[in-house]
Amino acid sequence: MSATAAGSTQISDQPARRQPVGLVFCCTILGAAAQVLMKTGANHMAGPGVLGMATNLPLMSGYCLYGISTLLLVLALKDGELSLLYPVIALTYVWVTVLSFLIFHDDINPWKLAGIVLIVLGVAVLGKGGKR
Amino acid sequence: MKTPVSHMLLVLLGSFIGSFGAVFLKSGAGQLRKGWMHMVISHEPPFFNWRLASGIGLYLLSSYFFVLGIRPPGELSVLYPMVSVGYIFTLLWSRIFFKEPLTRVKFIGLFVIVLGVVFVGLGSK
């Protein structure tokens, strides 16, 4: 599987560049779920002690999801550019805002809406740039 | 409620450490070309993919600082824009460590995203 890596670089350049953005996309959805769990855990944390964190179930579940999302990020970085993929992680804010609205019933105001639109727009710009 | 400076510094420190975490993850991911086993082991001494391990370690460390920073009375409206500072650092490290080209598309995309993160922060009062 690894022997063809060097030879196929030129042929599979197009699909190989699109896939990393898709992987980071999945990574942001998992990351958002992780952040919601971590925020829930952080609100119930007594102090900054390690033991308090280890027994905090929402916080630990958040870390597990964070781990899986990091794994996806590593796979994406294998084939993609760091400068292109890292800002795509900002999509996490879009999902967090939507999840906060659905779970914590946070309000969605014009600022948040504009921010979400801008982030999606910026990611679209990067996604288009990555295809070339 | 006002966000204490100590919470801002914790989040800034978290994003700085996280940007280096991304550099190590990228550098460790390069070894996966030789096969999946290289997630853990490596051809050369010390026969261990320390780059990937360091990246994960730095990521854990950065999230520890994030958790401490977003604790009440930390306000997301102030802290979110500080997280996006990490994106700017990462762009710089990509250029320095991996010689990635910094195209106009990347600058525009990053600028629009950072602006978006600031807006989401402003709406999180």
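Modeller: Read from the N terminus on, the elements of chain A run α-α-α-α-α-α, which amounts to six helices and zero strands. Please keep in mind throughout that this is a predicted model.

Biologist: How is chain B built, from the N terminus on?

Modeller: The elements of chain B run α-α-α-α-α, with five helices and zero strands in the chain. As for burial, 43% of the 125 residues of chain B count as buried, and for chain A the figure is 42% of 132 residues.

Biologist: What share of the contacts in chain A between residues at least 6 apart in sequence join residues at least 24 apart?

Modeller: In chain A that share is 76%. In chain B, residues 24 or more positions apart likewise account for 76% of the contacts with a separation of 6 or more.

Biologist: What makes helix 1 of chain B roughly antiparallel to helix 2 of chain B?

Modeller: Helix 1 (residues 5–29) and helix 2 (residues 50–70) of chain B pack at an angle of about 165°, with their axes 7 Å apart. Angles over 145 degrees count as roughly antiparallel, and therefore helix 1 of chain B is described as roughly antiparallel to helix 2 of chain B. The crossing of these two helices of chain B is left-handed, and their contact has 14 nonpolar, 10 polar and one charged residues.

Biologist: Why does Gly109(B) count as buried?

Modeller: Gly109(B), which is found in helix 5 (residues 104–122) of chain B, has 26 C-beta neighbours inside 10 Å. A residue is buried if 20 or more other C-beta atoms lie within 10 Å of its own, so Gly109(B) counts as buried. Leaving aside residues up to four places away in sequence, Gly109(B) touches Pro87(A), Gly122(A), Val125(A), Leu126(A) and Gly129(A).

Biologist: How many residues does each chain bring to the contact between chain A and chain B?

Modeller: Chain A brings 36 residues and chain B 42 residues. On the side of chain A that touches chain B, at least two residues each come from helix 1 (13–43), helix 3 (57–79), helix 4 (82–85), helix 5 (91–103) and helix 6 (110–131) of chain A. Helix 6 of chain A gives the most, with 13 residues, and the residues of this side divide into 24 nonpolar, eight polar and four charged.

Biologist: Is Leu102(A) buried or exposed, and why?

Modeller: Leu102(A) lies in helix 5 of chain A and has 10 C-beta neighbours inside 10 Å. The cut-off for an exposed residue is 12 or fewer, so Leu102(A) counts as exposed.

Biologist: What makes Lys99(B) exposed?

Modeller: Lys99(B) has 7 other C-beta atoms within 10 Å, and since 12 or fewer is the limit, Lys99(B) is therefore exposed. Lys99(B) lies in the loop between helix 4 (85–98) and helix 5 of chain B, and its phi is near 55°, a positive value in a residue other than glycine. Most residues other than glycine have a negative phi.

Biologist: How does the reach of helix 3 of chain A compare with the span expected at 1.5 Å a residue?

Modeller: Helix 3 of chain A has 23 residues and reaches 35 Å from its first C-alpha to its last, which is close to the expected 33 Å. Buried residues in helix 3 of chain A include Leu59(A), Gly62(A), Tyr63(A) and Tyr66(A).

Definitions and conventions
Residues are numbered from 1 along each chain as its sequence is written. Chains are lettered from A and ligands numbered from 1 in the order in which they are written. This is a predicted model: local features need pLDDT of at least 70, side-chain atom pairs count only at pLDDT 80 or more; totals for chains, interfaces and linings use all residues. Axes are lines fitted to C-alpha atoms, for helices over the stretch in contact, and angles run from 0 to 180 degrees between N-to-C directions. Helices (H or I, at least four residues) and strands (E, at least two) are DSSP runs, numbered from the N terminus. Angles under 35 degrees count as roughly parallel, over 145 as roughly antiparallel, 65 to 115 as roughly perpendicular and the rest as oblique. A crossing is left-handed if the near helix is turned anticlockwise from the far one by less than a right angle, and right-handed if clockwise. Ala, Val, Leu, Ile, Met, Phe, Trp, Tyr, Cys and Pro count as nonpolar, Asp, Glu, Lys and Arg as charged, and the others, Gly among them, as polar. Two residues are in contact if their C-beta atoms, placed from the backbone, lie within 7 Å. The expected span of a helix is 1.5 Å times one less than its number of residues.
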